[in-house]
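Below are my notes on the model you sent. They take the ligand site and then one of the sheets.

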Amino acid sequence: MFAGQGNPMSAHTLDLAAVTYRYRGGQVALTDVSLSLRTGIIGLLGPNGAGKSTLMRILATLARPTSGQVRWNGADVASRPDPLRRTLGYLPQDFGVYPALTAREFLAYLAAVKGLHSRDIPARVGRCLDQVGLADAADRRLGEFSGGMRQRVGIAQALLNDPALLIVDEPTVGLDPEERMRFRHLISDLAADRLVILSTHIVSDVEASATSLAVMAKGHLLYSGEPEALLAQAAGQVWEWTVPAERVPELRKTLVTSSSTRRPDGVRLRVIAAARPSEDAVASAPDLEDAYLWLLNRAGGA
Ligand code: ADP
C-alpha cells in the first residue's frame with residue numbers, strides 16, 4: 001500500500017480546543033488553550049508555573065480537562081483514550097529508576113508492565129537501548145548511572161511501544177552541559193514520523209530542533225507556530241548596548257535584558273524594547289531567547 005514519507009497513516013494530528021484545567025483547590029492551571037500539533041518536534045516553552053506539566057499530563061491521559069477537548073487523529077481522547085494510550089510514550093518530570101536493576105532488567109520489567117509479548121521483549125529492549133546510545137551500559141546497575149544516562153533510560157522506556165506521540169517533560173533539568181547537548185541530539189534523532197512534545201523553560205533546549213513552538217505563561221497560550229514567525233514578530237525590538245559595568249545594576253531595574261556579556265570596554269547588554277534605549281544602542285536581529293523574552297514581557301508573564 002502506502003510506504004515511506006508520504007504515508008498518510010504516519011501523519012498524526014493532536015488538537016486541543018479551549019482546554020481549561022482547574023485543580024481541586026481551585027487553582028486554574030490552564031485557560032482556554034487551543035493548539036493544533038502535527039508530526040515534528042514541538043517545543044513547549046514557558047516559565048515555572050506556566051501550566052506545561054498540567055498540559056502534558058492531560059495529553060498523556062493522566063488528567064482530563066475541566067472543560068474543552070483533546071482530539072487524537074480526530075477522535076475525542078476523554079471518551080476514547082485507548083487509541084492515544086496505545087501509541088503514547090511519556091517521560092514524566094519525576095521519572096525514577098530502580099537503582100539495583102540493570103538498564104536491561106529495568107526496561108524488560110517495564111515492557112512487561114506495558115503489556116508487550118514476552119517473546120518480543122528482549123529484542124525490543126535491545127533496540128531501545130541502542131536508540132538511546134546505552135547498548136554498552138545495558139548490563140550495568142542503574143545506581144551507577146549519571147543523570148544524563150538515567151534520562152536516556154527514561155527515553156528508552158518511553159520508546160518501548162514505538163510511540164507515534166512522545167511526550168517529554170522538562171527532560172534536561174539537572175543535566176550538565178555535555179549531557180544536555182547529547183540529550184538534545186537524541187530527541188532530534190527520534191522525531192522522524194513522530195510527534196514529539198518537549199517541555200522546557202530553557203530556550204536553548206528547543207532552539208536547534210523544534211519545528212514548532214508553543215509558548216505559555218500563567219496558564220495561557222501566548223504563541224503557537226514556527227520559530228521563524230516568532231522571531232519576525234520581535235524584529236526591531238532588540239538592541240545591543242555596551243555600558244560601563246557599574247551602570248548595569250541600575251539599568252537592569254528598568255530595562256528588559258536577555259543577556260549581558262562582559263567585554264573589555266564594558267558590559268554588552270541585549271535589551272528588549274520597542275524604542276532604542278540610548279543613542280549608542282545598536283539594533284540587532286532577535287534570536288529565540290530574545291523573542292521568547294519579548295513575548296513573555298509583552299504578556300506581563302515574565
Ligand atoms: P509548569 O509545568 O509550567 O511549571 P504546572 O503545570 O506544574 O506548570 O503548574 C501550573 C499551575 O498549576 C501552577 O500555578 C501550579 O502551582 C498549579 N499546580 C500544579 N500542580 C498542582 C496541584 N497538584 N494542585 C494545585 N495546583 C497545582
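**Notes on the ligand site and a sheet**

1. The model is predicted. In it, the ligand sits in the second largest pocket.

2. The residues around the ligand are Y23, Q27, A29, P47, N48, G49, A50, G51, K52, S53 and T54. Sorted by class, this shell has 4 nonpolar, 6 polar and 1 charged residues. Helix α1, which spans residues 52-59, gives the most to the shell, with 3 residues.

3. Which part of G51 lies 3.0 Å from a ligand oxygen atom? It is a polar backbone atom of G51. S53 also places a polar backbone atom by the ligand, at 2.8 Å from an oxygen atom. With K52 the side chain is involved: one of its N or O atoms is 2.9 Å from an oxygen atom of the ligand. The ligand taken alone exposes 560 Å², and the protein buries 61% of that area.

4. Turning to the sheet, 4 strands form an open arrangement in the order β12-β13-β11-β14, with antiparallel pairing. β12 (256-263) and β14 (282-283) stand at the edges; each has a single partner strand, so one side of each is left without a neighbour in the sheet.

5. How many bridges join β11 to β13? There are 6 between β11 and strand β13 (residues 266-272), and the two run antiparallel. Within this pairing, E240 stands opposite R270 in β13.

6. Strand β11 (residues 238-243) is joined to β14 by 2 bridges, and these strands too run antiparallel. W239 has A283 of β14 as its bridge partner.

Technical notes
Residues numbered from 1 in each chain as written. Predicted model: local features only at pLDDT ≥ 70, side-chain atom pairs only at ≥ 80, totals over all residues. Heavy atoms only, no water. Near = heavy atom within 4 Å. Polar contact = N/O pair within 3.5 Å; in protein donor to acceptor, adjacent residues only side chain to side chain. Areas by Shrake-Rupley, 256 points an atom, 1.4 Å probe, with all protein chains shown as cover. 1 Å grid on protein atoms, 1.4 Å probe; cavity = no way out; pocket = protein on both sides within 12 Å on 5 of 7 lines; lining within 4 Å. Sits in = over half its atoms within 2 Å of the grid points. Nonpolar A, V, L, I, M, F, W, Y, C, P; charged D, E, K, R; others polar. Pairing = 2+ DSSP bridges.
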